[in-house]
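Subject: Structure for you to look at

Hello,

Please open the structure below and keep it in view while you read. My notes on it follow.

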Amino acid sequence: MKSQSQVLVTGRMYEYGDSSDIGIAVANGGALVVNDSTTFDGSGVAVEGGGTFDLSARTGSEVLELDTLAMDDDAVLCVSSKSRSTEPIIQVNNANLGNVKVKGLTSERPLIKHGDTIWHYKDGKLVTDEEEAESTEQVMDEEPVVEEAILEPEPELIEETQADKPEQVEPEPEQVAEPEAAVESEPEPVVEEQAEPEPEPEPEPEPEPEPEPEPEPEPEPEPESEEEEEPDMINPSITITLGEDEPAIGVAMPITIVATDNVAITNITCTVAGKKKRAQMSTGKGTPIATSTYTFTPEEAGDYTVIAAATDKAGNTIEASEVITVAENKDTEAINFNAGLE
């Protein structure tokens, strides 16, 4: 069974753990998602028109090597904060980078290396060491100049000489007259006074008991603040693979649909010539990669349109289409449709 190459649908292309030796272009809001197993064999990646280059699934320490990386001002680069490497995660031979937005990081770190130039994350954008140095010099040039205050000399203290001080005149002591001799007199008789009885002390009142202090209420625990999760704004992606290069009348042909998402795929549907097909096998529902296989038996020659749709956990939906061309032959069988979707 031959397998067609992956189909680029409305500017959206996803790679999961595969090897690609061709250049990949992402545009019109599409996203290219790679993981630790993805290699590009010397090819390049171009992201423009609001496209996203998503490396959030790469958490190892191996560098992703590219021949060329071009990203315009509307491009977005997603990086995982769980990466174990402190070195740049992308090595390129040629780089053409605009004002690229970076998501997934909260602290500064190197991301892309081209020769001696290194782009690193700062304040949600890619900046080089030269751009950061120019920004720092501009801030230093704008600092206000503080004028030094001229201190006036303090007046000199004039010391008073001994001659300038007024003389202190000590006062003369006053003469005290001597007292005259006292005339002796007879002592008067002492009359003893009868002591009055002391009053009995009044009994002291008993102290009132102090009221017991009321227990202080225990402080209510503060509710734990829940961190708000950022909404998922990235659409899923679909790859349609036809099981036969030359479909024939009356011959069953498998159709494989692979849907990928940065969080989780919740639903996949497939219609052929306007009729919904029932999946013969489905795997990966609720995970970032989900696969469903369908069977289509053409009844007559002509073109049949395959429309696939996928929905992620956040409700983002994407559709893709592929045309099956069936040539005329002598052997024909009735078309076999299984309605519904598992």
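**Confidence and overall make-up**

The mean pLDDT of the chain is 74, and 68% of its residues reach 70 or more; pLDDT is the predictor's confidence in each residue, from 0 to 100. This is a predicted model, in which local features need pLDDT of at least 70 and side-chain atom pairs count only at pLDDT 80 or more, while totals for chains, interfaces and linings use all residues. Residues are numbered from 1 along each chain as its sequence is written, and side-chain values use heavy atoms, with hydrogens and water left out.

Where pLDDT is low, the predicted coordinates should not be read in detail.

The chain has 342 residues, and 31% of them are buried (under 20% relative accessible area; exposed is over 50%, partly exposed in between, with a 1.4 Å probe and protein chains only). Of the contacts between residues at least 6 apart in sequence, 55% join residues at least 24 apart.

**Strands**

Helices (H or I, at least four residues) and strands (E, at least two) are DSSP runs, numbered from the N terminus. Two strands pair if DSSP finds at least two bridges between them.

Strand 3 (residues 44–47) runs parallel to strand 1 (residues 24–26), joined by three bridges, and V26 stands opposite V47. Strand 3 is also parallel to strand 5 (residues 64–71), this time through four bridges; here G44 has T68 as its bridge partner.

Further along, four strands form an open sheet in the order 15-14-18-19, with antiparallel pairing. Strand 15 (275–276) and strand 19 (317–326) each have a single partner strand, so one side of each is left without a neighbour in the sheet. Strand 14 (residues 265–272) and strand 18 (residues 302–312) pair over seven bridges, with T269 opposite A309.

**Cysteines**

How many disulfides does the structure hold? It holds zero, where a disulfide is a pair of cysteine sulfur atoms within 2.5 Å. C78 counts as buried because its relative accessibility is 9%, and C270 is buried at 0%.

Regards

Technical notes:
Contact = heavy atoms within 4.5 Å.
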